[in-house]
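Please keep the model open while reading.

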Amino acid sequence: MRITDEVAEAIAEGRPVVALESTIISHGLPQPRNLQVAVELEKTVREAGAVPATIAVLDGVPRIGLDKEGLERIATEPGLRKLGFRDLAPAAALRLSGATTVSGTSFLAARAGIRVFATGGLGGVHRGWTTVQDESADLDTLSRTRITVVCAGVKSILDVPATLQRLETRQVGVVGYRTDEFPGFYLHTSGEPVDWRIETPEDAAGIMRAQDALGGPETALIVANPVPVADQLDPALHDRVLAEALAAADAQGVTGQAITPFLLEYLVNGTGGASLEANLAAVRGNAALAGRIAAAFSREG
């Protein structure tokens, strides 16, 4: 791995660092807005008191923290792969470049000594799992990686109740930040309850300390931070367009890794871009909260 001097120094000195994934830059947003958002998210983390570390793989080398040139490459280079954990070794051996997903970012961040990671929404169990058994690798990686992930729940195109069941089975802790209900990604709530509620970044840092003190499996902690009601996608619009998207995917035979980008793009188009704005509102809030949690964890240390 290649770690920027700023990030390496912060890790060595025990100062707060927040990992950021790169797929939202390469695959989630149109140019040139993607680069603008990448810079904005790093600024948000800094304003919250932490050092940002956007993670990607360039020419086969995992990068923990990107300079201006690196961010521009992720934002503009054609043909970039989406790299989950399982893809990191082939990318390294073949000297390919790619943006890291939740599983890839979580693994690399933890290897580098970073404890807090901000993203939009997690992957999870897909609808119709009983017949296709399609489940995101995010869940398996988080069951084996000691990292705190600040997110707005799981993508609403997924089977949220089934995903929460799998997280429970895999011993991944889930807490709601100032909420008793699991967020719905584009929506303030999915309607599903969470067992634990916290009110402050210090609460999250305390749970992280308790994880370390207790020992046991190196599982993750998910801090579920809902998008504000004022910034959420209209629930009725969301439900209507999602139903249309699922029907279109079924009619066109879209399956496997293609299903998630298909559904998300359908939502963006079907909502006139409103789903993208809700996603960005969630990511901004998560980056800010992650910075505050990392700062609180650093202070307690």
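Helices (H or I, at least four residues) and strands (E, at least two) are taken here as DSSP runs, numbered from the N terminus. The model is a predicted one, in which local features need pLDDT of at least 70 and side-chain atom pairs count only at pLDDT 80 or more, while totals for chains, interfaces and linings use all residues. Residues are numbered from 1 along each chain as its sequence is written, and side-chain values use heavy atoms, with hydrogens and water left out.

In the unreviewed UniProt entry, the annotation "active site" covers E21 and K155; UniProt positions are given in the numbering used here, feature names are shortened, and such annotations may be inferred rather than shown by experiment. E21 sits in the loop between strand 2 (17–20) and helix 2 (23–26), and with a relative accessible area of 12% this glutamate is buried (buried means under 20% relative accessible area, exposed over 50%, and partly exposed in between, with a 1.4 Å probe and protein chains only). Contact means heavy atoms within 4.5 Å, and, leaving aside neighbours within four places in sequence, E21 is in contact with residues including T54, I55, A118, T119 and G120. K155 belongs to the loop between strand 8 (148–151) and helix 9 (160–169) and, at 18% relative accessibility, also counts as buried. The side chain of K155 reaches the backbone oxygen of G121 at 2.9 Å, and G121 is among the residues that K155 touches, as are F185 and T260.

Although N286 and A118 are 168 residues apart in sequence, their C-alpha atoms are 5.7 Å apart in space. The side chain of N286 has a polar atom 2.7 Å from the backbone oxygen of T119, and a polar contact of 3.1 Å joins this side chain to that of N225. A polar contact is a pair of N or O atoms within 3.5 Å; within protein, one must be able to donate a hydrogen and the other to accept it, and residues adjacent in sequence count only if both atoms are side-chain atoms.

The buried residues of helix 11 are H238, V241, L242, A245, A248 and A249; seen down the helix axis, they fall within an arc of 125 degrees, so they line one face of the helix, the arc being that of the directions from the helix axis to the C-beta atoms. These buried residues pack against helix 12 (259–270), whereas A236, D250 and A251 are exposed on the other side of helix 11. Just after helix 11, G253 takes a positive phi of about 70 degrees.

Charged pairs connect further segments. With a salt bridge defined as a side-chain nitrogen of Lys or Arg within 4 Å of a carboxyl oxygen of Asp or Glu, the count comes to 16. In one of them, E6 pairs with R46, the closest N and O atoms being 2.7 Å apart; E6 lies in helix 1 (residues 5–12) and R46 in helix 3 (residues 33–47), so the pair links distant parts of the chain, 40 residues apart. R115 forms another salt bridge, with D212, whose closest N and O atoms are 2.9 Å apart. Because R115 lies in the loop between helix 6 (102–112) and strand 7 (116–118) and D212 in helix 10 (residues 201–214), this pair ties together parts that are 97 residues apart in sequence. R115 counts as buried at 13% relative accessibility, whereas D212, with a relative accessible area of 36%, is partly exposed.
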